[in-house]
Amino acid sequence: MTRIAILGANGRMGKALIRAVAQQDKARLVTAQVRPGNAFVGIDAGTLAGIDPLGLALGPELDPDTQVVIDFTAPDNTALVAKACAERGQALVVGTTGLDAQHKAALAEAAKSVPVVFAPNMSVGVNLLLGLVSLASKVLGDSVDIEVLEAHHRHKKDAPSGTALALGEAAAQALGRDLAQCAVYGREGITGERDRQTIGFATVRAGDIIGEHTVLFAGDGERIELTHKAHNRETFATGAVRAALWLNGRAPGLYDMQDVLGLKA
Ligand SMILES: NC(=O)C1=CN([C@@H]2O[C@H](COP(=O)(O)OP(=O)(O)OC[C@H]3O[C@@H](n4cnc5c(N)ncnc54)[C@H](OP(=O)(O)O)[C@@H]3O)[C@@H](O)[C@H]2O)C=CC1
Ligand SMILES: O=C(O)C1=N[C@H](C(=O)O)C[C@H](O)C1
């Protein structure tokens, strides 16, 4: 039985994670953390998540017996959590997106002493899509224009999504390009003709869209569109819980969902 703590338990993903852990026989929820003073402190985690009571109240304290921490919060907090997990010897699953180089360095540092899974998208489908994008990029090469399109709900704070950036990175790597040099984030005004070496990103924020990503490979006379659409947040949450079970007892290191799902060659 893997003892799991969920951080940001009152968030959209936090609630989906509570449901996912409750459904998993091999996992037990020992902490559903919210910030001190949060309106939900003391409420049962199951009740908040819309399932039967779990006998575990939301609160700011972390159960010291926690084996794996699951963090879907915000970049600055995630970096602090990584440091704390390393100090306490707890494994960490990070789904938070919008991390900059310093935040990522904090994860890498923690991964020297505890096992960490970090992935901008925990769904099986998106992790399969990363491989398909790599393959399509290699086959089509420089004969196509590559654009990454993404759409999310109006509350999302970062753009482009972490998944869109990972898809762009998969294409760039397959083509031997440096994404930092070839990415174009939106266009406006007299942009001039498109440079085929660039990888474009387009972002939509609207309503309650859970998460949709398309990678477009457009050539002369034809195009391929590889699309993933998440129908609910359970698809991410069950992936995160799967990662937590996979991580428990593993050697320190920085892993991703490709490792968890056995998708690496
Ligand atoms: N990897 C994946 O598969 C997925 C990743 N995500 C990512 O997960 C993250 C959360 O998304 P979502 O659940 O929609 O967001 P929400 O805004 O619904 O939830 C965020 C949670 O984090 C807490 N939080 C925010 N800032 C801090 C902080 N500084 N310290 C402590 N707690 C904090 C919030 O608490 P409070 O309410 O008190 O502010 C809230 O509980 C985003 O980065 C998103 O992109 C989302 C879906 C899938
Ligand atoms: O904020 C979200 O909701 C999501 N964020 C992740 C991202 O930035 O890629 C994953 C998913 O698409 C939902």
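Tutor: UniProt positions are given in the numbering used here, feature names are shortened, and annotations may be inferred rather than shown by experiment. This is a predicted model, in which local features need pLDDT of at least 70 and side-chain atom pairs count only at pLDDT 80 or more, while totals for chains, interfaces and linings use all residues. Residues are numbered from 1 along each chain as its sequence is written, and chains are lettered from A and ligands numbered from 1 in the order in which they are written.

Student: Is His 152 buried or exposed?

Tutor: UniProt, in an unreviewed entry, places the feature "active site" at His 152 and Lys 156. A residue is buried if 20 or more other C-beta atoms, placed from the backbone, lie within 10 Å of its own, exposed if 12 or fewer, and partly exposed in between. His 152, in strand β6 (residues 145-152), has 25 C-beta neighbours inside 10 Å and therefore counts as buried.

Student: Where does Lys 156 lie?

Tutor: With 17 other C-beta atoms within 10 Å, Lys 156 is partly exposed. Its place is in the loop between β6 and α6 (162-174).

Student: Is α1 roughly parallel or oblique to α8?

Tutor: Axes are lines fitted to C-alpha atoms, for helices over the stretch in contact, and angles run from 0 to 180 degrees between N-to-C directions. Angles under 35 degrees count as roughly parallel, over 145 as roughly antiparallel, 65 to 115 as roughly perpendicular and the rest as oblique. Helix α1 (residues 12-23) and helix α8 (residues 234-247) pack at about 60°, with their axes 8 Å apart. The arrangement of α1 to α8 is therefore oblique.

Student: How is α3 oriented to α4, and which description applies: roughly parallel or oblique?

Tutor: Helix α3 (residues 75-88) packs against helix α4 (residues 101-110) at an angle of about 15°, the axes being 9 Å apart. That angle makes α3 to α4 roughly parallel.

How values were computed. Helices (H or I, at least four residues) and strands (E, at least two) are DSSP runs, numbered from the N terminus.
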